[in-house]
Amino acid sequence: MPSSLTASQEELKAAKVPLAWRDQCSALLIPLNTCRRENYYLPWTCENERHGYEKCQYDDMMRRMKKMSKLELQQAE
């Protein structure tokens, strides 16, 4: 289910993103990791990129939770 937030496998491989981190928000992780490397992982840098990635992760979790609750309601009926 590719979306605008999902990077291609070639992009992920070129950016050396581990398999565990290749999810719906992977396209936001590539520029975040690039920014982190350029700024030596200083915690006060790359705040915009980090916030966007964390919001994407949160939205994805909420989407999965809603889907799971709908499935549980269907099974209860």
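Figure 1. The model shown here and in the following views is predicted. Leu42 is placed in the loop that joins α2 (residues 26-38) to α3 (residues 47-76). Together with Tyr40 and Trp44, Leu42 makes up a nonpolar patch on the surface. The accessible area of these three residues together is about 420 Å².

**Figure 2. Tyr41, a loop residue with a positive phi.** Tyr41 belongs to the loop between α2 and α3. Although Tyr41 is not a glycine, its phi is positive, at about 60°. Is Tyr41 buried or exposed? Tyr41 is exposed, because its relative accessible area is 52% and the class of exposed residues begins over 50%.

**Figure 3. Lys16 in the loop between α1 and α2.** The loop that holds Lys16 runs between α1 (residues 9-14) and α2. Lys16 is a residue other than glycine, and its phi has a positive value near 60°. With a relative accessible area of 73%, Lys16 is classed as exposed.

**Figure 4. Ser26, a buried residue of helix α2.** Ser26 is part of helix α2. Its relative accessibility is 1%, and Ser26 therefore counts as buried, the limit for this class being under 20%. Which residues does Ser26 touch, not counting those up to four places away in sequence? They are Leu5, Thr6, Ala7, Leu12 and Trp21. For Ala7, a distance between polar atoms can also be given: a polar atom of the Ser26 side chain lies 3.1 Å from the backbone nitrogen of Ala7.

Figure 5. Glu47 is located in helix α3. Its relative accessibility of 45% places Glu47 among the partly exposed residues. Along the chain, Glu47 and Arg36 are 11 residues apart.

**Figure 6. Tyr58 and Ser8, a pair 50 residues apart in sequence.** Tyr58 lies in helix α3, and with 48% relative accessibility it counts as partly exposed. How many Å separate Tyr58 and Ser8 in space, C-alpha to C-alpha? The distance is 21 Å, for two residues that are 50 residues apart in sequence.

**Figure 7. The salt bridge between Glu54 and Arg50.** Side chains of opposite charge can pair when their charged atoms come close. Glu54 and Arg50 form such a salt bridge, in which the closest N and O atoms are 3.9 Å apart. This pair is counted because a salt bridge requires a distance within 4 Å. Both residues belong to helix α3; because they are 4 residues apart there, about one helical turn separates them. Glu54 is partly exposed, with a relative accessible area of 45%. Arg50 is also classed as partly exposed, at 27% relative accessibility. The count of salt bridges in the model comes to 4.

**Figure 8. A network of salt bridges formed by Asp60, Arg63 and Arg64.** These three residues are linked by salt bridges into a network. In the bridge between Arg63 and Asp60, the closest N and O atoms are 2.5 Å apart. In the bridge between Arg64 and Asp60, the corresponding distance is 3.5 Å. Where do Arg64 and Asp60 lie? Both are in helix α3, at a spacing of 4 residues, or about one turn of the helix. Arg63 and Asp60 are 3 residues apart in helix α3, and so they too are separated by about one helical turn. Asp60, which takes part in both bridges, counts as buried because its relative accessibility is 10%. Arg63, by contrast, is partly exposed, with a relative accessible area of 37%. Arg64 likewise counts as partly exposed, at 46% relative accessibility.

Conventions. Residues numbered from 1 in each chain as written. Predicted model: local features only at pLDDT ≥ 70, side-chain atom pairs only at ≥ 80, totals over all residues. Heavy atoms only, no water. Patch = residues over 30% accessible without salt bridge, like charges linked within 9 Å, V, L, I, M, F, W, Y side chains within 5 Å. Areas by Shrake-Rupley, 256 points an atom, 1.4 Å probe, with all protein chains shown as cover. Salt bridge = Lys/Arg side-chain N within 4 Å of Asp/Glu carboxyl O. Helix = DSSP H or I, 4+ residues; strand = E, 2+ residues; numbered from the N terminus. Buried < 20%, exposed > 50% of the residue type's maximum accessible area, 1.4 Å probe, protein only. Polar contact = N/O pair within 3.5 Å; in protein donor to acceptor, adjacent residues only side chain to side chain. Contact = heavy atoms within 4.5 Å.
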